[in-house]
Amino acid sequence: SSRLRARLVSGTCAAAPVGFAMGGLCGGSSSKTCSEVKGANGAILKVGTKVQTQFTKDEGGDDGWYQGTVSKCFASGKVFINYDDGDKDTVHGRYVFLVEAFGMQQPVQAQVVQATVVGGY
């Protein structure tokens with residue numbers, strides 16, 4: 001199912017500073033690609049970086065964390081993500097967290113679908 005980001009509709013991306021022009025990060029046009037973008041917590045995002053974003057209830061989502069891989073970086077500070085579940089989306093880097101080899105900056109939250117109490121304790 002497609003997760004369209006309400007951030008783009010609500011204007012929170014438009015109200016924020018656009019791009020990064022220092023330290024090798026790019027700034028400028030929203031369609032121009034670049035080599036890297038600044039992500040959440042100051043992380044550097046590049047093509048091939050394993051990442052995750054949260055699809056919040058405010059955006060019409062389930063507050064779940066979704067993992068994917070960066071496939072493009074844009075001069076506007078956004079990245080195009082191919083999610084592991086097949087979805088694709090362009091998200092501003094400030095909402096994109098690294099998935100680290102031995103843990104994550106933000107935990108992926110498991111959801112209990114069904115539980116059964118046995119023995120009445």
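This is a predicted model: local features need pLDDT of at least 70, side-chain atom pairs count only at pLDDT 80 or more; totals for chains, interfaces and linings use all residues.

Modeller: Happy to! Helices (H or I, at least four residues) and strands (E, at least two) are DSSP runs, numbered from the N terminus. Residues are numbered from 1 along each chain as its sequence is written, and side-chain values use heavy atoms, with hydrogens and water left out.

Now to burial. Buried means under 20% relative accessible area, exposed means over 50%, and partly exposed is in between (1.4 Å probe, protein chains only). Of the chain's 121 residues, 37% are buried.

A nonpolar core is a set of buried Ala, Val, Leu, Ile, Met, Phe, Trp, Tyr and Cys residues joined through side-chain atoms within 4.5 Å. The largest one here has 15 residues, and those touching the most other members are Leu45, Val51, Cys73, Val79, Ile81 and Val96. Strands β3, β4 and β5 each give at least two residues to this core. As a general background, nonpolar side chains in soluble globular proteins tend to be buried together.

Let's zoom in on Ile81. Contact means heavy atoms within 4.5 Å. Setting aside neighbours within four places in sequence, Ile81 is in contact with Val51, Thr53, Gly68, Thr69, Asp87, Lys88, Asp89, Val91 and Val96. Across the chain, 53% of the contacts between residues at least 6 apart in sequence join residues at least 24 apart.

Cys73, another member of the core, is buried at 1% relative accessibility. A disulfide is a pair of cysteine sulfur atoms within 2.5 Å, and the structure holds zero of them. For Cys73, the closest cysteine sulfur is in Cys34, 5.4 Å away, which is too far for a bond.

A salt bridge is a side-chain nitrogen of Lys or Arg within 4 Å of a carboxyl oxygen of Asp or Glu, and two are counted here. In one, the side chains of Asp84 and Lys50 meet at 2.5 Å, N to O. Asp84 sits in the loop between β5 (78-83) and β6 (88-92), while Lys50 is in strand β3, 34 residues apart. Lys50 is partly exposed, at 29% relative accessibility.

The other salt bridge joins Lys46 and Glu36 at 3.7 Å, N to O. Lys46 lies in the loop between β2 (44-45) and β3 (50-55), and Glu36 in the loop between α1 (6-10) and β1 (37-38), 10 residues apart. Lys46 is partly exposed, with a relative accessible area of 41%, whereas Glu36 is buried at 15%.

One last stop is Glu59, in the loop between β3 and β4 (64-73). Glu59 is buried, at 11% relative accessibility. A polar atom of the Glu59 side chain lies 2.8 Å from the backbone nitrogen of Thr56.

Notes:
A polar contact is a pair of N or O atoms within 3.5 Å; within protein, one must be able to donate a hydrogen and the other to accept it, and residues adjacent in sequence count only if both atoms are side-chain atoms.
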